[in-house]
Amino acid sequence: FVFCHQIKLAFFVAIVGVVLTVLGVGTEFWVELAPPKSFYNNQTCLTAHYGLWKGCTKTLWVADIDPERESCGPAELPGESNCTYFKFFTTGENAVMFQKTTQKSESSAAMLAMFSLFLMVMGAICITMSLSKEILFFLKPASVCFILSGILVLLCLVVFHQSVLALLASDHTVPLHHELSWSVSCIGCAGAVLIIGGILFVLLALPYSPWQRCLPQKDSSS
């Protein structure tokens, strides 16, 4: 029974990584773009934030912004927001923000995220089979799925950051300050947690593990 509980504990770690990934992938606070506060007029300024699927522009009141802050933002301040979904996978159009064009590498980041989620689902199925059917073999493919999904999540983060840099370099008409936001923190933590979860399953699947008590005893008794 101790071994079964250890599988469940490792599975819980992996599920935390899955939840963080879903939260990061589903939100649009990956990066914030902001021109100087005084770029448009003295009363309002425009900021933007976007993720893998959707981008938002937001009009903020300059009076609400920290006086020591040079750029418009942060995007969490109250203001009029306008959000649109990207059309990478429908019409193939690139989005334009502050006269800058998003790059195709962003769609690659989205594909990496989707494939990593697919691997997480496959890993979860393997662990469920291992617990329900009491077969240790499923721990090995589960560990591979979770480790690969964690690597893909981190790779998605790198590709997205490169797409942001390419976006900023596409046009220099509007000077922009950019900063990665909390969705990226979720994705970074998710990648690390998924890899740790996968390593835990590797350790549990080792043939010389002293923890193998639950399943082998049942097999020998049968």
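A: **The helix packing and its surroundings**

The unreviewed UniProt entry places the feature "transmembrane region" at residues 9–31, 109–132, 144–168 and 180–206. UniProt positions are given here in the numbering of this chain, with feature names shortened, and such annotations may be inferred rather than shown by experiment. The model is predicted, with local features needing pLDDT of at least 70 and side-chain atom pairs counting only at pLDDT 80 or more, while totals for chains, interfaces and linings use all residues. Residues are numbered from 1 along each chain as its sequence is written, and side-chain values use heavy atoms, leaving out hydrogens and water.

Let's compare those annotated spans with the coordinates. In residues 9–31 the end C-alpha atoms lie 33 Å apart, and the span is 78% helix and 4% strand. Residues 144–168 are 100% helix and 0% strand, with 36 Å between the end C-alpha atoms. Helices here are DSSP runs of H or I with at least four residues, strands are runs of E with at least two, and both are numbered from the N terminus.

Now to the packing itself. Two packed helices are described by the angle between their axes and the distance between the axes. Each axis is a line fitted to C-alpha atoms, for helices over the stretch in contact, and angles run from 0 to 180 degrees between N-to-C directions. Helix α3 (residues 139–169) takes part in both of the pairs described below.

On one side, the axes of helix α2 (residues 105–133) and α3 come within 8 Å and cross at roughly 165 degrees. Therefore α2 is roughly antiparallel to α3; angles over 145 degrees count as roughly antiparallel, under 35 as roughly parallel, 65 to 115 as roughly perpendicular and the rest as oblique. The crossing of α2 past α3 is left-handed, a term for a near helix turned anticlockwise from the far one by less than a right angle, with clockwise being right-handed. The residues of this α2–α3 contact divide into 22 nonpolar, 7 polar and 1 charged. For that tally, Ala, Val, Leu, Ile, Met, Phe, Trp, Tyr, Cys and Pro count as nonpolar, Asp, Glu, Lys and Arg as charged, and the others, Gly among them, as polar.

The other partner of α3 is helix α4 (residues 182–205): these two pack at an angle of about 160 degrees, with their axes 8 Å apart. That angle makes α3 roughly antiparallel to α4, and α3 passes α4 in a left-handed crossing. Among the α3 residues that meet α4 are S143, F146, G150 and L157, and the α4 residues there include I187, G191, L194, G198 and F201. This contact divides into 16 nonpolar, 6 polar and 1 charged residues. Contact means heavy atoms within 4.5 Å.

S143 gives a residue-level view from α3. At 5% relative accessibility, S143 counts as buried; buried means under 20% relative accessible area, exposed over 50% and partly exposed in between, with a 1.4 Å probe and protein chains only. Beyond residues up to four places away in sequence, S143 touches G198, F201 and V202.

A14 is buried, because its relative accessibility is 0%. Not counting residues up to four places away, A14 touches F146, L194 and F201. A14 and A142 are 128 residues apart in sequence, yet 10 Å separates their C-alpha atoms. T21 is likewise buried, at 1% relative accessibility. With residues up to four places away set aside, the contacts of T21 are L117, M120, V153, I187, A190 and L194.

Y50 lies in strand β2 (residues 44–50) and is buried at 0% relative accessibility. Leaving aside neighbours within four places, the contacts of Y50 include E28, L33, E106, F160, V164 and L167. L33, in strand β1 (residues 31–34), is buried too, with a relative accessible area of 0%. Apart from neighbours within four places, L33 is in contact with residues including T47, Y50, L167 and H178.

For contrast, consider E68, in the loop between β3 (54–61) and β4 (79–85). E68 is exposed, with a relative accessible area of 72%, and its C-alpha atom is 51 Å from that of I125, 57 residues away along the chain.
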